[in-house]
Amino acid sequence: MNPHILVVEDETKLARFIELELGYEGYDITVANDGLAGLTAARDINPDLIILDWLMPGLTGLELCRRLRATGSKTPVILLTAKDDISDRVAGLDAGADDYVTKPFSIEELLARVRAHLRRSQDDDDADVLHFDDLSLNRKTREVFRGKRLIELTAKEFDLLEYLISNPRQVITRDRILEKVWGYDFMGDSNIIEVYIRYLRLKLEAEQEKRLIQTVRGVGYVLRE
């Protein structure tokens with residue numbers, strides 16, 4: 001899937017120019033011509049990167065960026081502006097922008113910055129996704145897949161699996177699991193781990209997939225092929 005870039009720019013010719021150049025590079029593009037439309041588009045399509053003009057009618061680029069960051073959005077934002085004072089750069093970065101390109105600009109420079117931020121964003125995403133065999137766990141979205149099959153887990157099932165997949169091929173004692181997943185002050189049933197391991201196995205092996213969570217008798221559990 002190609003990265004999706006949102007361009008928020010009220011200068012129609014410039015917006016079209018950026019759209020064409022990004023399209024030639026293979027990106028999927030959405031264009032919004034004012035701040036309010038840009039805010040709506042950002043929320044609707046959840047782009048991989050936003051190129052954002054500073055001065056626009058209705059809602060400035062700075063205010064748009066602030067609103068996105070207030071919602072917890074971590075989408076990279078490149079701010080386009082004719083303002084070049086140090087104070088303006090600081091204001092843009094303080095509003096949550098990741099980068100700052102001054103008009104007029106070289107399209108080659110803009111494309112290079114787009115590539116750099118998409119690469120950095122992908123690296124961050126990769127750190128949030130843990131893999132073992134055909135099992136994948138996304139810490140950010142709290143989604144778990146066995147191959148292409150989405151597995152619905154409860155919060156505690158997810159926490160237990162996350163701990164196991166973070167320590168692959170390591171035999172982990174029951175006491176260690178209780179400490180890390182349930183906490184030091186857990187006073188419940190000592191068989192709780194066995195119960196949740198059984199729940200996980202039922203869900204992970206629902207379509208007769210091979211067992212990944214292995215029991216080490218008298219010790220604990222290990223995630224291995």
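Modeller: Gln 214 belongs to strand 11, which covers residues 213–216. The model is a predicted one, and the contacts given here are computed from its coordinates. Apart from its neighbours within four places in sequence, Gln 214 touches Arg 201, Gly 220, Tyr 221, Val 222 and Arg 224. As a further point of reference, Asp 133 stands 81 residues away along the chain from Gln 214, and 14 Å separates their C-alpha atoms.

The C-alpha trace spans about 70 × 35 × 25 Å along its principal axes. The radius of gyration is 23 Å, whereas a compact globule of 225 residues would have one near 17 Å. Of the 225 residues, 41% count as buried. The accessible surface amounts to about 12,400 Å², and carbon and sulfur atoms supply 48% of that area. As to charge, there are 32 positive and 41 negative side chains, with the centres of the two sets 6 Å apart.

On confidence, the average pLDDT of the chain is 87, and 94% of the residues score at least 70. The highest confidence is in strand 1 (residues 4–8), at 95, and the lowest in helix 4 (residues 86–94), at a mean of 77.

Methods: Residues are numbered from 1 along each chain as its sequence is written. This is a predicted model: local features need pLDDT of at least 70, side-chain atom pairs count only at pLDDT 80 or more; totals for chains, interfaces and linings use all residues. Side-chain values use heavy atoms; hydrogens and water are left out. The radius of gyration is taken over C-alpha atoms; the globule rule is 2.2 Å times the number of residues to the power 0.38. Buried means under 20% relative accessible area, exposed over 50%, partly exposed in between (1.4 Å probe, protein chains only). Accessible areas come from the Shrake-Rupley method with a 1.4 Å probe; for residues, only the protein chains shown count as cover. Lys and Arg count as positive and Asp and Glu as negative; His and the chain ends are not counted. The place of a charge is taken as NZ of Lys, CZ of Arg, CG of Asp or CD of Glu. pLDDT is the predictor's confidence in each residue, from 0 to 100. Helices (H or I, at least four residues) and strands (E, at least two) are DSSP runs, numbered from the N terminus. Contact means heavy atoms within 4.5 Å.
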